[in-house]
Amino acid sequence: MSGYKRVVVTGATSGLGREIAVQLARRGWKIAVTGRRVEELEKTARLIAEAGGEALVLPGSVVDDGEVRAHYARIKAAWGGVDWAILNAGVSEYMNAKEFKAELVRWTFDVNVLGACRWIEAVLPGMLEQGSGVVAGISSLAAFRGLPSSGPYSASKAALSALLESTRVDLRGTGVDVVTVCPGFVKSEMTRRNDPRSMPFLMETPAGAAAVVAGIEARRRVVHFPWQLSYAMKYAVGSMPDFAYDWLAQKLSYLRRKEPSAEAARIMRVGGA
Ligand SMILES: NC(=O)c1ccc[n+]([C@@H]2O[C@H](COP(=O)([O-])OP(=O)(O)OC[C@H]3O[C@@H](n4cnc5c(N)ncnc54)[C@H](OP(=O)(O)O)[C@@H]3O)[C@@H](O)[C@H]2O)c1
């Protein structure tokens with residue numbers, strides 16, 4: 001392997017994923033980027049090149065097994081494998097349980113949980129063979145409790161965090177580290193549709209991406225930020241008695257997303273993806 005690190009960042013067409021890719025590109029690393037919006041992906045590739053990195057553009061979805069396998073095959077052919085896999089692709093949609101749609105839950109899990117699983121399955125044999133690597137999954141502070149009107153998202157991130165934790169302990173001693181990243185609120189396309197009052201300690205995208213990269217670099221088992229919100233979620237809200245949490249959550253339930261994405265609106269309307 002050359003002195004350059006080889007990284008795949010899923011969901012790099014906007015927000016945290018794009019910014020993480022650009023920050024790593026400033027080190028001259030090789031960055032493979034995935035996402036469905038081809039024009040945005042090409043823009044990320046241009047930003048990577050301008051920052052001094054080398055981009056590999058892999059347009060496609062993390063919900064497609066064949067596409068993920070083909071993407072990894074392209075990385076392997078180009079660079080021989082990866083050193084870091086940053087599994088960042090994710091969706092977050094509002095769903096009040098009074099309008100429960102199992103299909104919205106299935107779609108959210110398919111992207112947020114199984115999307116990461118497909119990539120872990122793809123990259124892990126190569127990392128185990130080389131005896132080194134980092135798998136970093138972008139979970140969320142929303143994993144700590146079932147947030148109001150966010151059942152699919154909170155549940156998917158709780159599942160992802162548990163999955164990453166099990167993977168981490170299983171891989172102990174192999175040279176492959178697993179990092180679970182739990183951001184608070186960071187400016188991105190995902191959070192642009194949120195009620196601003198629902199996002200305390202909202203971070204700028206570069207600061208959020210820098211916190212992710214620093215946490216991975218330090219091989220922290222679990223990275224959470226910003227500290228104000230993460231401590232509140234972990235130690236106050238996370239361990240709050242259920243009756244007190246219900247009261248607090250109900251107080252916050254007036255906060256709503258402004259509008260669903262086109263994809264989520266279709267699922268909510270017809271009940272199918
Ligand atoms: N921003 C926050 O406050 C915050 C807080 C906690 C956790 N997170 C997590 O951080 C990650 C990045 O989110 P973000 O805030 O940066 O939002 P974002 O700007 O909306 O970025 C989401 C990325 O995921 C990609 N994506 C969505 N569905 C995909 C699919 N089926 N296949 C491949 N890529 C897909 C999107 O690309 P395409 O649409 O082009 O496919 C986009 O690049 C997510 O996992 C999110 O849950 C964010």
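A residue counts as buried if 20 or more other C-beta atoms lie within 10 Å of its own, as exposed if 12 or fewer do, and as partly exposed in between. The structure described here is a predicted model, and by that definition Phe201, with 14 other C-beta atoms within 10 Å, is partly exposed.

**The sheet**

Seven strands form an open sheet in the order β3-β2-β1-β4-β5-β6-β7, and the pairing is parallel. The edge strands, each of which pairs on one side only, are β3 (54-59) and β7 (222-225), and the twist averages 15° from one strand to the next.

Strand β1 (residues 6-9) points Arg6 and Val8 one way and Val7 and Val9 the other way, and all of these residues are buried. Four bridges join β1 in parallel to strand β2 (residues 30-35), where Arg6 stands opposite Lys30.

**Helices across the strands**

| Helix | Strands it lies across | Angle |
|---|---|---|
| α3 (residues 65-79) | β1, β2 and β3 | about 155° to β3 |
| α4 (residues 102-130) | β4, β5 and β6 | about 165° to β5 |

**Backbone features in the loops**

The loop between β5 and α5 (151-170) contains Ser149, whose phi is near 60°, a positive value in a residue other than glycine. Ser149 is buried because 22 other C-beta atoms lie within 10 Å, where the cut-off for that class is 20 or more.

Phe201, found in the loop between α6 (189-192) and α7 (205-217), likewise has a positive phi, of about 55°, although it is not a glycine. Its 14 other C-beta atoms within 10 Å place Phe201 in the partly exposed class, because that class lies between the limits of 12 or fewer and 20 or more.

In the loop between β7 and α8 (227-237) lies Pro226, which a cis peptide bond joins to Phe225, with omega about -10°.

Terms used
Residues are numbered from 1 along each chain as its sequence is written. This is a predicted model: local features need pLDDT of at least 70, side-chain atom pairs count only at pLDDT 80 or more; totals for chains, interfaces and linings use all residues. Helices (H or I, at least four residues) and strands (E, at least two) are DSSP runs, numbered from the N terminus. Two strands pair if DSSP finds at least two bridges between them. Axes are lines fitted to C-alpha atoms, for helices over the stretch in contact, and angles run from 0 to 180 degrees between N-to-C directions. Two residues are in contact if their C-beta atoms, placed from the backbone, lie within 7 Å.
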